[in-house]
Amino acid sequence: MRIASARVVVCSPGRNFVTLKIETDEGVTGVGDATLNGREMAVAAYLTEHVIPALIGRDPARIEDTWQYLYRGAYWRRGPVTMSAIAAVDTALWDIKGKVAGLPVYQLLGGRSREGVTVYGHANGTSVPSLLESVARFVEQGYRAVRIQASPPGMTDIYGISTAPIYEPASSAIPSETIWSTPAYLDFIPSIFAAVRAEFGPSLRLTHDVHHRLTPIEAARLGRALEPYALTWLEDPVPAESQEAYRLIRQHTTTPLAVGEVFNSIWDASTLISEQLIDYIRATVVHAGGITHLRRVFDLAALHHVRTGSHGATDLSPVCMSAALHLDLAIPNFGLQEYMPHSAETDAVFPHGYRFEAGYLHPSEEPGLGVDIDEAEAARYPYRAASLPVARLEDGTMHNW
Ligand code: EZ4
Ligand code: CO
């Protein structure tokens, strides 16, 4: 069997997605997600100009060799654009291998290690009462874990808070600007945990996303203040370009830490994992080199008591979510999977067989990943440039979004 053709489909059913579809000379097809929020066309061009020509005629069964060919062969290693492109190829080849074998991909990864994939939803509010209502809706639907976010008094348009049914931060072509106040945030956040614990008790698993806004010593203070509320994790307290910065946070707090949604390589997390500076690694299939590379990251994590908590926001397509679920089901050190349901338009473009039930997601039992792209449907939603926002401090200084 040989790869006969491959093409990139860019569509925007409510938001932009980049998808790679590979076809073999025997008619078997595979799909891979290549979406990089706000930088979609860079990955699309990387695939079309530099990767697809080299795929034609290759044996699709040689997944590891193709991964090494694209990684080592580029000379310029790592980075989100390169690794998302490699991920798309890798994911599509796993899909093909599963279809050829007649098995769902999780069976090729060693089979099921658990009955279902525990997921967390995004509860948010513009105030504590509206946050409590949002948490209640997730509990009613059977969720066992929720991420809680609320805007501190006086701060609007901050990350993670939405009054729309689907949270979508990427909007205008030129980034919108938001204002951030660390003192207001640090003063407010413990009160939302106190309110949610008082209302929902100790067994609901809770997380919170700091979205890279703090310094290490500020994060240490927040982690300490949140200890009474027994978080499952505090996410991205500081940017992680400096993995060593987490040593300082770790010295001061027992609040578990989760990092890695922007990581694209095992080298982004090697110190964090091997020194046990974090508790959950949040890298995901599309941005971290596909199933092949993410499995390698997760295996390193398993050696050091670090569990997984893969990113699963709506800018990761149902193709990525399908792949993530097969991996989540098979690995020994699964922790928790982020899950934000997609819009009806997105679900129609990407028909998929995974399903939510009683707080768990279950991957499709079909051979391969159990997801596809309906290209006629996709063609109804052309690409629209959309960027993530930027954040500034109150005096105008650029900050981390
Ligand atoms: O802001 O995926 O934990 N989830 C998140 C996301 C990110 C977006 C960025 O593209 O932080 O909502
Ligand atoms: Co996050």
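A polar contact here is a pair of N or O atoms within 3.5 Å. Keep that cut-off handy as you work through this predicted model.

**Exercise 1.** Find out which side chains make polar contacts with oxygen atoms of ligand 1, taking His311, Glu235 and Glu338 in turn.

*Solution.* Start with His311: an N or O atom of its side chain sits 3.0 Å from an oxygen atom of ligand 1. The cut-off is 3.5 Å, so this pair counts. Next, Glu235 brings a polar side-chain atom to 2.9 Å from a ligand 1 oxygen. Last, for Glu338 the distance from a side-chain N or O atom to an oxygen of ligand 1 is 3.1 Å. As for cover, the protein hides 94% of the 330 Å² of accessible area that ligand 1 has on its own.

**Exercise 2.** Describe the surroundings of ligand 1.

*Solution.* Count first: 14 residues surround ligand 1, and the closest include Asn37, His211 and Asp315. Now sort the shell: seven charged, four nonpolar and three polar residues. Then look at the space itself: ligand 1 takes up the largest pocket.

**Exercise 3.** Which residue forms a salt bridge with Glu375, and where do the two partners sit?

*Solution.* The partner is Arg7, with the closest N and O atoms 2.8 Å apart. Glu375 belongs to helix 13 (residues 375–378) and Arg7 to strand 1 (residues 3–11), so this pair links distant parts of the chain, 368 residues apart. The model's salt bridge count comes to 20.

How values were computed: Residues numbered from 1 in each chain as written. Chains lettered and ligands numbered in written order. Predicted model: local features only at pLDDT ≥ 70, side-chain atom pairs only at ≥ 80, totals over all residues. Heavy atoms only, no water. Near = heavy atom within 4 Å. Polar contact = N/O pair within 3.5 Å; in protein donor to acceptor, adjacent residues only side chain to side chain. Areas by Shrake-Rupley, 256 points an atom, 1.4 Å probe, with all protein chains shown as cover. 1 Å grid on protein atoms, 1.4 Å probe; cavity = no way out; pocket = protein on both sides within 12 Å on 5 of 7 lines; lining within 4 Å. Sits in = over half its atoms within 2 Å of the grid points. Nonpolar A, V, L, I, M, F, W, Y, C, P; charged D, E, K, R; others polar. Salt bridge = Lys/Arg side-chain N within 4 Å of Asp/Glu carboxyl O. Helix = DSSP H or I, 4+ residues; strand = E, 2+ residues; numbered from the N terminus.
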